[in-house]
Amino acid sequence: MSASTVIFDNVPGERRTRSSAERHRKWALWGSYIALGCFVVMLLAPPFYTLMTSLKSSEEISAQSGNPWIVHHPTLANFWYLITYPNFQTYYVNSLMITVVVVVISLAIAIPAAFSLARMRFWGSQAFSTGVFLTYLVPASLLFLPLFKIVGFLGLINNVWCLAVLYPTLAAPFATWIMIGYFSSLPKELDEAALIDGAGYLQMLLKIFIPVAMPGIIAATIFAFTVSWGSFLYPLAYLYTSNQMVLTVGIISDLIRGDVFQWGKIMAACVLASLPPVFIYAFLMDYFVAGLTAGATKG
Amino acid sequence: MPDVASAAISAVPRTPRWAHSANTVRRLARRRSTIAFCLCLPLILLTAGFVVYPALYAIWLSMLNKKMITFVGLDNFAFLLRRNTFQLVIFQSCLFAVTAVIFKAVLGFIMAHLMHNLSGKSQRIWRGLLLIPWVIPLPLSTLTWWWMFDPSYSAFNWLLEQVGIGPVPWLGVGWIARFCTIAVNVWFGAPFFLIMYLAALKSVPEQLYEAAAIDGAGAIQKLIYITLPTMRNIIAITVLFSLIITFADFDIVRILTGGGPQDLTHVFATYAFQVGIQSGDIPLGAAGSLFMFPILAVSAFFVLRGITRRSKEIAA
């Protein structure tokens with residue numbers, strides 16, 4: 001009874017506060033747009049500058065006059081130079097090749113492991129899934145020196161394929177972690193139905209779990225791709241000659257000779273090398289974000 | 001009491017109503033765990049061979065002399081600790097990681113809050129734009145930053161010249177160079193915090209804010225009494241996680257300054273690289289990078305605890 005009177009008393013006042021709240025909200029919205037606009041300008045200034053420089057000729061860069069943030073005489077000469085430059089082609093092919101192999105290996109390792117850890121139990125599986133996450137937290141910079149000896153022992157120093165062995169150690173644990181999250185979120189009835197219909201565990205994984213968990217697999221793929229495309233430390237430490245290099249180290253060691261910086265070409269190379277991740281991102285942003293947040297919100 | 005009941009219930013299927021059936025179940029269970037183990041085997045081998053073994057091997061390596069023949073105990077660690085350069089490396093690594101993480105967390109939090117005001121569709125567009133630094137491979141964007149920091153005719157110095165400030169030797173002076181490496185890391189990592197916080201903000205129940213608004217709470221009170229407590233766990237996980245990544249960072253310092261000027265920007269990873277790969281003293285380098293281990297281990301422990309708690313919260 002008292003509650004209803006309180007509400008009744010409040011009606012006129014509430015109407016007033018609501019309109020002021022609306023005005024307040026409008027202000028907040030505009031404020032947000034302006035502030036976010038500032039953030040966008042700050043965060044996108046470097047990519048913008050990369051693009052501008054990549055369109056400049058060497059003469060324009062060395063002239064050192066006028067506003068460096070805009071291009072006065074745009075030219076595609078830098079891009080043309082790189083596309084026809086055999087070394088750059090090698091880096092690109094090496095990067096693509098390694099990335100495809102690493103993505104395949106990582107997923108082939110991660111998906112069965114995640115299925116087993118999420119749905120089946122074996123002795124020590126609980127501890128092992130914790131261990132999987134811990135291995136993801138071990139940074140490459142802690143391991144690259146002992147790995148130098150191990151890679152040397154395997155005879156893979158200055159061989160681009162050493163990356164196909166090493167990158168899965170960075171990609172597979174987190175991919176497994178993402179997949180454990182996805183597999184555990186699927187209803188238990190799914191496997192019960194499959195078991196009743198007489199499916200084995202492998203059939204269950206291939207015919208039910210993999211198709212259903214496709215979003216998770218895409219997120220894991222994107223993660224493995226990003227790791228393998230952008231890593232810098234391992235190739236820098238283990239690859240020396242230009243025929244074995246990948247994009248990240250190739251650009252730096254090839255286009256910077258001594259004190260000569262061909263900035264136009266370097267920036268054009270950065271644009272070309274950033275295209276695949278940006279392209280994937282443009283089309284699969286949601287999966288990208290899902291993979292990013294999976295580490296802390298899933299599992 | 002409820003425990004006993006649930007135990008009794010779960011025990012029901014296991015009671016051997018048909019003796020041979022129990023046997024089959026046990027055999028099936030054993031087969032099942034064998035299959036499960038086999039499915040995990042590739043991952044076990046991979047992590048054992050290329051993560052666990054190298055980690056243990058690093059400890060062994062760090063106790064050898066430069067030619068890797070004689071066992072020298074903890075001499076490498078003692079030698080490093082006595083070196084002035086390495087003392088600076090410890091200081092710089094901590095400065096780099098802590099400052100960068102604080103800035104990333106604060107900026108990410110502000111951006112997430114601003115984005116939370118927007119409607120779903122425009123939120124997607126803004127998110128798409130703001131995430132771009134995270135998408136471009138870090139070594140490549142660091143190259144751009146290097147070019148922007150160029151002392152003679154660079155993007156930043158030109159802008160400063162327009163407002164009448166003389167050229168700044170961005171990467172040539174210790175403290176400015178340290179600031180630059182941190183700035184690049186913040187630029188790269190802030191979008192990650194934005195995404196994590198935005199996801200967490202969405203999970204705060206709207207009723208709590210409505211209730212607070214009825215009680216007359218202002219924006220700051222809502223932030224302190226509702227948003228922060230609900231997001232505490234996610235904030236902790238993200239910050240510690242980022243601390244690990246930032247602490248072990250290699251790319252930015254390596255490309256931007258190479259550790260210079262006068263070793264004033266070196267962090268553990270770049271110093272270990274210089275000593276281990278470039279000077280060829282692998283044991284000393286391994287010892288240098290092992291100094292990261294305690295901080296990484298403590299952070300990892302708390303990340304794990306946070307995640308366990310969070311998954312319990314979700315389950316509850």
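**Exercise 1. Find which ring of chain A lies under the charged end of A:Lys265.**

Solution. The charged end of A:Lys265 sits over the ring of A:Tyr81, 4.6 Å from its centre. The rule asks for NZ of Lys or CZ of Arg within 6 Å of the ring centre and within 35 degrees of the ring normal. Now try chain B: there, the charged end of B:Arg178 sits over the ring of B:Trp175, at 4.5 Å from the ring centre.

A quick note before we go on: this is a predicted model, in which local features need pLDDT of at least 70 and side-chain atom pairs count only at pLDDT 80 or more, while totals for chains, interfaces and linings use all residues. Residues are numbered from 1 along each chain as its sequence is written, chains are lettered from A in the order in which they are written, and side-chain values use heavy atoms, without hydrogens and water.

**Exercise 2. Classify the aromatic pair of A:Phe115 and A:Phe183.**

Solution. Start with the rule: rings of Phe, Tyr and Trp (its six-membered ring) pair if their centres lie within 6.5 Å; planes under 30 degrees apart are stacked, over 60 edge-to-face, and the rest tilted. Over all chains, this gives 47 aromatic pairs. For A:Phe115 and A:Phe183, the centres are 6.1 Å apart and the planes make 85 degrees, so the pair is edge-to-face. Next, locate the partners: A:Phe115 is in helix H4 (residues 86-119) and A:Phe183 in helix H7 (residues 162-185) of chain A, 68 residues apart. Helices here are DSSP runs (H or I, at least four residues), numbered from the N terminus. Finally, check burial: A:Phe115 has 0% relative accessibility and is therefore buried, and A:Phe183, also at 0%, is buried too. Buried means under 20% relative accessible area, exposed over 50%, and partly exposed in between (1.4 Å probe, protein chains only).

**Exercise 3. Describe how helices H5 and H9 of chain B pack.**

Solution. First, take the geometry: H5 (residues 120-130) and H9 (residues 174-202) of chain B pack at about 155 degrees, with axes 10 Å apart. Axes are lines fitted to C-alpha atoms, for helices over the stretch in contact, and angles run from 0 to 180 degrees between N-to-C directions. Then name the arrangement: H5(B) and H9(B) are therefore roughly antiparallel, the word for angles over 145 degrees. Last, list the contacts (heavy atoms within 4.5 Å): B:Gln123, B:Arg127 and B:Leu130 in H5(B) meet residues of H9(B), including B:Pro191 and B:Lys202.

Notes: Helices (H or I, at least four residues) and strands (E, at least two) are DSSP runs, numbered from the N terminus. Angles under 35 degrees count as roughly parallel, over 145 as roughly antiparallel, 65 to 115 as roughly perpendicular and the rest as oblique.
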